[in-house]
Amino acid sequence: MSSGTQLENANPVIFQRSDERLLTATDEDEDVHDPIDDREIFDMIRSINDPEHPLSLEELNVVEQVRVKVKDAESTVEVEFTPTIPHCSMATLIGLSIKIDVHITPGTHASEEAVNKQLADKERVAAALENSSLLEVVNQCLTSKSM
C-alpha cells in the first residue's frame with residue numbers, strides 16, 4: 001500500500017505466534033510415509049504477510065490451526081480464514097496468498113458468499129494472478145520477513 005493510503009483497520013488486535021513445530025525422526029526419514037497433517041499446512045501459511053500490516057496472518061489471527069482441515073488419504077486441504085474486519089477489502093488477496101481450497105470463516109465477512117465464489121473459481125483466480133499489480137501484492141504477502 002502507498003504511504004498516503006489510509007488503513008481499513010488501523011489498530012488490529014495482535015495475537016501471539018504459536019511455538020514452532022518440533023520435528024521427529026519420522027518427519028526427517030524420507031523412507032517412512034509421513035501423512036500431511038493440519039499443523040504442517042498451518043506452518044506453511046502462518047507466516048504469510050498481511051497485505052495491509054507488517055504482521056503475519058497468524059499474528060492477526062486471520063489463520064488458525066483449528067481452521068485447517070487435512071484429509072491426507074483424499075489429498076485434500078481446506079483452510080478457513082477470518083478477516084480482521086467484516087468489510088475487509090483485502091479478503092480476496094489473502095485468499096489468493098494462501099492458494100489452496102480456501103474460504104472465509106462463515107459469518108465473518110459482509111461479502112462472504114461473493115468472495116468465496118471468486119476464490120473457488122479457478123479461471124477468475126488465474127485471471128487475477130495475470131494482473132501484474134495484483135500479483136505483486138500477492139507476492140509481497142508471500143515474501144518472508146525476518147522476525
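So, Thr 105: leaving out anything up to four places away in sequence, this residue touches Arg 67, Glu 80, Phe 81, Thr 82 and Glu 112. Keep in mind we're looking at a predicted model. Thr 105 sits in the loop between β3, residues 101–104, and α4, residues 112–120. And is Thr 105 buried or exposed? Buried, because its relative accessibility is 4% and the cut-off for buried is under 20%.

One of those neighbours, Arg 67, takes us to the charged pairs. Arg 67 forms a salt bridge with Glu 64, at 3.2 Å, N to O. Arg 67 is partly exposed at 27%, and Glu 64 is partly exposed too, at 23%.

How many salt bridges does the structure hold? There are 6. Some of them share partners, and that joins Arg 17, Arg 39, Asp 43, Arg 46 and Glu 58 into one network. Take Asp 43: its side chain meets Arg 39 at 2.8 Å and Arg 46 at 3.1 Å, N to O in each case. Arg 39 and Asp 43 are both in α2, residues 38–45, 4 residues apart, so about one turn of the helix. On accessibility, Arg 39 is buried at 16%, Arg 46 is buried at 2%, and Asp 43 is partly exposed at 23%.

Helix α3, residues 91–98, packs on α6, residues 132–142, at about 65°, with the axes 9 Å apart. The crossing is right-handed. From α3 you get Leu 93, Leu 96 and Ser 97; from α6, Leu 134, Val 137, Val 138, Cys 141 and Leu 142. That splits into 7 nonpolar, 1 polar and no charged residues.

Methods: Residues numbered from 1 in each chain as written. Predicted model: local features only at pLDDT ≥ 70, side-chain atom pairs only at ≥ 80, totals over all residues. Heavy atoms only, no water. Axes fitted to C-alpha atoms, helices over the stretch in contact; angles between N-to-C directions. Helix = DSSP H or I, 4+ residues; strand = E, 2+ residues; numbered from the N terminus. Left-handed = near helix turned anticlockwise from the far one by under 90°. Contact = heavy atoms within 4.5 Å. Nonpolar A, V, L, I, M, F, W, Y, C, P; charged D, E, K, R; others polar. Buried < 20%, exposed > 50% of the residue type's maximum accessible area, 1.4 Å probe, protein only. Salt bridge = Lys/Arg side-chain N within 4 Å of Asp/Glu carboxyl O.
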